[in-house]
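Try each task before you read its solution.

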Amino acid sequence: MGQQYIPKPGSKVDLSDYDPDDHGGYEKEAAIAETDRLQEKLIALQEKLYAESKQSLLVVLQAMDTGGKDGTIKKVFEGVNPLGVRVASFKVPTPDELARDFLWRVHQQVPPKGFIGIFNRSHYEEVLVVRVNGLKPEAVWKRHYDHINQFERLLADSGTRILKFYLHISKDEQKERLQARLDDPEKRWKFSLGDLPVREKWTDYMQAYEELLERCNTEYAPWHIVPANRKWYRDLVVTRAIVETVEAMNPQFPQPEEGLDTVVIPD
Ligand code: AMP
Ligand code: MG
């Protein structure tokens with residue numbers, strides 16, 4: 001079920017084949033109820049993952065502006081013990097970061113054993129904004145697909161499960177969401193004039209997304225193309241994929257110490 005939005009690894013991706021309005025036949029209320037049910041499972045699974053402390057999960061979120069990265073994090077992980085979750089948001093690299101290879105800052109943020117790590121943007125910006133705006137020569141960013149695959153392979157081989165979500169909204173939906181940010185005084189802080197030139201390059205970004213979805217969609221680190229015009233369906237798809245993955249990781253509480261049955265706690 002949670003596999004349904006993963007393209008076949010190695011296959012061509014045409015994003016116009018993916019409907020951002022898709023809601024899997026769900027009504028809003030039913031989707032919300034199902035997400036709530038899955039969240040209860042996630043809370044219990046994460047307690048075990050943390051206690052076991054042998055494997056980790058990395059969740060990568062990518063989307064156009066207003067695509068719902070922040071909202072997804074807020075919703076999907078509400079109720080999960082914050083002790084075992086780490087969120088990393090990747091911004092324009094600092095001079096210090098630019099003085100290293102592009103994975104340097106990313107590698108420092110990968111989740112240790114027992115943790116769920118969430119990337120709000122990620123190393124994929126290096127084949128998105130960097131490519132579209134020509135921030136590096138083509139010969140340089142073209143090699144990053146391989147670098148990324150190798151990097152993710154290393155993490156997978158080291159006990160990290162990786163799930164990547166591209167939150168797919170339509171250009172019309174983005175217009176509405178940007179307008180809502182302008183109109184609502186409590187959302188205005190999120191509006192950046194810099195989002196407008198990015199919007200103008202929508203087609204270039206879709207092409208860049210298609211290429212990374214083709215080249216970096218692997219068995220060990222699959223991409224999900226999440227229909228994201230409806231927030232309640234987006235949350236359901238992401239929650240379900242995470243729950244199914246952690247279930248398959250099958251985390252177990254550690255064995256308690258020997259001899260606890262006869263312990264008497266002194267007064
Ligand atoms: P926001 O997520 O709205 O706070 O914006 C973060 C900004 O940082 C976005 O415009 C990203 O495109 C930009 N950004 C993130 N990673 C990189 C990168 N590796 N190179 C250039 N810009 C980046
Ligand atoms: Mg922004």
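Contact here means heavy atoms within 4.5 Å, and helices (H or I, at least four residues) are DSSP runs numbered from the N terminus. This is a predicted model, in which local features need pLDDT of at least 70, side-chain atom pairs count only at pLDDT 80 or more, and totals for chains, interfaces and linings use all residues. Residues are numbered from 1 along each chain as its sequence is written, chains are lettered from A and ligands numbered from 1 in the order in which they are written, and side-chain values use heavy atoms, with hydrogens and water left out.

**Exercise 1.** Find which residues of helix 7 meet which residues of helix 10, then describe the packing.

Step 1: Tyr-145, Asp-146 and Asn-149 in helix 7 touch Glu-211, Leu-212 and Arg-215 in helix 10.

Step 2: sorted by class, this contact of helix 7 with helix 10 has 2 nonpolar, 1 polar and 3 charged residues. Ala, Val, Leu, Ile, Met, Phe, Trp, Tyr, Cys and Pro count as nonpolar, Asp, Glu, Lys and Arg as charged, and the others, Gly among them, as polar.

Step 3: helix 7 (residues 144-157) and helix 10 (residues 202-215) pack at about 45 degrees with their axes 10 Å apart. Axes are lines fitted to C-alpha atoms, for helices over the stretch in contact, and angles run from 0 to 180 degrees between N-to-C directions.

Step 4: the two helices, helix 7 and helix 10, are therefore oblique to each other. Angles under 35 degrees count as roughly parallel, over 145 as roughly antiparallel, 65 to 115 as roughly perpendicular and the rest as oblique.

**Exercise 2.** Work out how helix 1 and helix 11 are arranged.

Step 1: the axes of helix 1 (residues 28-52) and helix 11 (residues 231-249) come within 9 Å and cross at roughly 30 degrees.

Step 2: so helix 1 is roughly parallel to helix 11.

Step 3: by class, 12 nonpolar, 3 polar and 6 charged residues make up the contact of helix 1 with helix 11.

**Exercise 3.** Which atoms lie 2.6 Å apart at ligand 1?

Step 1: the pair is an oxygen atom of ligand 1 and an N or O atom in the side chain of Arg-121.

Step 2: a polar side-chain atom of Glu-125 lies 2.9 Å from an oxygen atom of ligand 1.

Note on methods
A polar contact is a pair of N or O atoms within 3.5 Å; within protein, one must be able to donate a hydrogen and the other to accept it, and residues adjacent in sequence count only if both atoms are side-chain atoms.
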